[in-house]
Amino acid sequence: ELRGVARDRQGGVRAGMGVDSADVDRDGDLDLLVGHMAREADGYFINQGKYFVERTHNVGIATANWRYTRFGVGLRDLDQTLRRRIALGDAQVRPVG
């Protein structure tokens, strides 16, 4: 059982709208990037084998003032330098009617 991604550092829950995994720290296991709702900080988690450790603050995405919901997230090597970049796809959610 893997654990450690349900809550943020302060114990709060977030939406979990989009997720991607990649071996960012190159230790043989998959780390996670989780996108959330508007005004919620996204989550970046390093896999430690049987649990995850949140490292959101370490990668600079701990801000909770995003204007839009992130439905798509990605950890990609966009320029083939073996360094993963964070890519976000977001949109504004509005009530219908």
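Analyst: A residue is called buried when its relative accessible area is under 20%, exposed when it is over 50%, and partly exposed in between, with a 1.4 Å probe and protein chains only as cover. The model is a predicted one, in which local features need a pLDDT of at least 70 and side-chain atom pairs count only at pLDDT 80 or more, while totals for chains, interfaces and linings use all residues. Residues are numbered from 1 along each chain as its sequence is written, and side-chain values rest on heavy atoms, with hydrogens and water left out.

Taking a salt bridge as a side-chain nitrogen of Lys or Arg within 4 Å of a carboxyl oxygen of Asp or Glu, the count comes to one. It joins Arg70 and Asp42, whose closest N and O atoms are 2.7 Å apart. The two partners are 28 residues apart and link distant parts of the chain, since Arg70 belongs to strand S5 whereas Asp42 sits in the loop between strand S2 (31–35) and S3; strands here are DSSP runs of E with at least two residues, numbered from the N terminus. In general, side chains of opposite charge can pair when their charged atoms come close.

Both Arg70 and Asp42 are buried, and Arg70 counts as such because its relative accessible area is 0%. The side chain of Arg70 also reaches the backbone oxygen of Tyr68 at 2.4 Å, a polar contact being a pair of N or O atoms within 3.5 Å, where within protein one must be able to donate a hydrogen and the other to accept it, and where residues adjacent in sequence count only if both atoms are side-chain atoms. With contact meaning heavy atoms within 4.5 Å, and residues up to four places away in sequence not counted, the neighbours of Arg70 include Gly35, His36 and Met37, as well as Asp42, Leu88 and Asp90.

Apart from neighbours within four places in sequence, Thr56 is in contact with Asp42, Gly43, Tyr44, Ile61 and Ala62. Thr56 is buried because its relative accessible area is 1%, and its side chain makes a polar contact of 2.7 Å with that of Glu54.

Through Tyr44 and Ile61 the account passes to the largest nonpolar core, seven residues made up of Ala22, Leu33, Tyr44, Ile46, Ile61, Val73 and Leu75; such a core is a set of buried Ala, Val, Leu, Ile, Met, Phe, Trp, Tyr and Cys residues joined through side-chain atoms within 4.5 Å. Strands S3 (43–47) and S5 (69–76) each supply at least two residues of this core. Beyond four places in sequence, Tyr44 touches, among others, Thr56, Ile61 and Leu75.

The S2–S3 loop that holds Asp42 also contains Arg39. Arg39 counts as exposed because its relative accessible area is 63%, and its phi, near 65°, is positive although the residue is not a glycine.

Definitions and conventions:
Helix = DSSP H or I, 4+ residues; strand = E, 2+ residues; numbered from the N terminus.
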